[in-house]
Amino acid sequence: MKNRLQEIIAQQRAEEQRYAAHRKAEMENPLTGSNRRDFLKKTALGGFSLAALTGLTFEDTMAETTRNVKRASAPADLKITDLRYCVTAVMGRTAIIRIDTNQGIYGLGEVRDGADPRYALMLKSRIMGENPCNVERVFKIIRQFGGPARQAGGVCAVEMALWDLCGKAYNVPAWQLLGGRYRDKVRLYADTPEGKDPEDQKQKIKYRMEDQGYTWLKMDVSINEIKDIPGCLVNTEIFDNGGSSQWQGGFMSYSNTAHPFTGIQITEKGLDELEKIVHNVREMVGYEVPISTDHYGHIDMNNCIRLGKALDKYRLAWFEDMVPWQMWQQHKVITDTLDTPNLTGEDIFLLSGFKDLIHNRAVDIVHPDLASSGGLLETKRIGDYAEEFGIAMAMHQAGTPVSFMANVHCAAATQNFLSLEHHSVDVPWWESLVTTTGGDKLIDKGYAPVPLTAPGLGIELNEEVVKEHLHATDKTYFAPTDEWTEKRSHDRTYS
């Protein structure tokens with residue numbers, strides 16, 4: 001027994017020395033952020049070393065050796081002490097939040113692209129003092145304040161930050177906390193860029209595939225491509241009230257008129273023109289590479305079916321959001337009629353919002369955006385539930401590397417996952433907004449490597465780069481948010 005104890009003491013001494021050297025190197029690394037450096041100093045190995053335990057029994061010795069080994073924090077004593085934000089210029093306007101704790105560690109989350117950071121700030125008073133490792137408990141406190149699309153941005157941002165914090169507290173990657181991983185790298189899909197002419201587009205596609213390494217592409221097949229060609233569309237007068245943008249306009253504009261109510265129809269000439277666009281891209285890409293499609297315009301179910309039938313022969317990966325997600329009965333008709341897979345979900349909040357689509361097999365693939373669907377755990381639940389009905393899951397993502405990495409961890413932990421969107425492929429500074437704490441590349445030849453050992457989401461902000469790319473209307477950088485600390489309402493939803 002004594003010889004065995006001496007062996008353990010020697011092994012533990014060597015381990016302590018290796019771990020101390022590793023922490024020292026990280027603290028001295030100029031790329032290590034100040035918060036991370038403070039965290040390392042505060043959580044250095046404490047207590048007795050085995051060398052001081054020779055007078056204890058073997059059982060007491062083993063109990064002592066497991067007390068503080070590689071302890072990342074004291075998770076049971078963690079408390080949320082603050083929530084702050086900054087607004088980046090990614091996708092026009094995307095906010096990152098930071099949740100601080102009483103132990104010096106923090107978590108990063110993201111409010112969905114285009115959403116107001118106040119969706120997150122108003123949750124601060126509801127989560128102050130909570131233990132961030134009680135992720136599901138905190139999520140249930142705040143989920144009532146989420147809603148469809150960007151209205152869920154605050155709830156999802158907090159949920160992301162909680163998993164980042166919890167992973168750091170227990171010193172494990174977020175995917176491990178979700179139950180483990182199915183894959184070591186996550187496949188990405190990227191938009192096929194438009195060119196000024198077919199040859200220019202061909203060169204851009206070649207660059208996307210051969211140089212950047214993407215093996216799954218997506219393109220728009222929009223009526224905007226043909227609206228100025230005479231004889232392609234019926235009822236273009238609706239564009240006179242606010243233009244043809246699908247995203248911006250007054251309440252009664254085309255952009256805010258749901259698809260069945262615009263009265264727009266595509267003529268046979270229009271279908272031919274849209275088919276030419278898809279034909280040209282398919283000829284450039286070949287049939288080995290999946291091509292997904294999106295943004296057809298606000299057209300009704302019948303015109304979606306006519307367009308879908310014209311494009312079925314090109315074996316597209318999916319038709320995305322042909323009609324609003326709420327109209328599951330129409331989605332079922334589209335799914336039952338077309339050979340190409342039908343997909344929706346980027347604006348749905350919570351698993352409950354997907355159930356009609358899944359139960360009725362109204363889609364072939366669910367497509368949640370983790371920054372709207374409820375965060376990492378809820379999105380995994382959505383994927384797992386869809387899997388029971390034979391439905392696959394792709395993931396929509398159009399934000400900063402913070403939400404990107406949250407998606408990577410969720411995708412790694414979900415078996416029926418297909419592909420994850422990367423919407424900032426051609427933004428040169430996008431990847432440099434963060435550094436990976438595990439030393440992996442953020443993206444490698446069309447895939448995102450899964451952090452195998454880095455705790456939490458596996459990233460830290462590159463502060464100088466983020467500051468260079470703050471939104472012009474809000475240049476603050478994680479400034480105090482004391483005005484959001486006090487709770488001023490009674491939130492229970494029942495009497």
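1. Of the 495 residues in the protein chain, 54% count as buried, where buried means under 20% relative accessible area, exposed over 50% and partly exposed in between, with a 1.4 Å probe and protein chains only. This is a predicted model, in which local features need pLDDT of at least 70 and side-chain atom pairs count only at pLDDT 80 or more, while totals for chains, interfaces and linings use all residues. Residues are numbered from 1 along each chain as its sequence is written, and side-chain values use heavy atoms, with hydrogens and water left out.

2. The protein chain holds 17 helices and 16 strands, these being DSSP runs numbered from the N terminus (helices H or I, at least four residues; strands E, at least two). Among contacts (heavy atoms within 4.5 Å) in the protein chain between residues at least 6 apart in sequence, 72% link residues at least 24 apart.

3. Helix α16 covers residues 401-412, and its twelve residues should span 16 Å at 1.5 Å a residue, which agrees with the 16 Å between its end C-alpha atoms; the expected span is 1.5 Å times one less than the number of residues. Twelve of the twelve residues of α16 are buried, including P401, F404, H409 and A412.

4. A74 lies in the loop between α3 (58-65) and β1 (80-88), and it counts as buried because its relative accessibility is 19%. The C-alpha atoms of A74 and A169 are 7.1 Å apart, although 95 residues separate the two along the chain.
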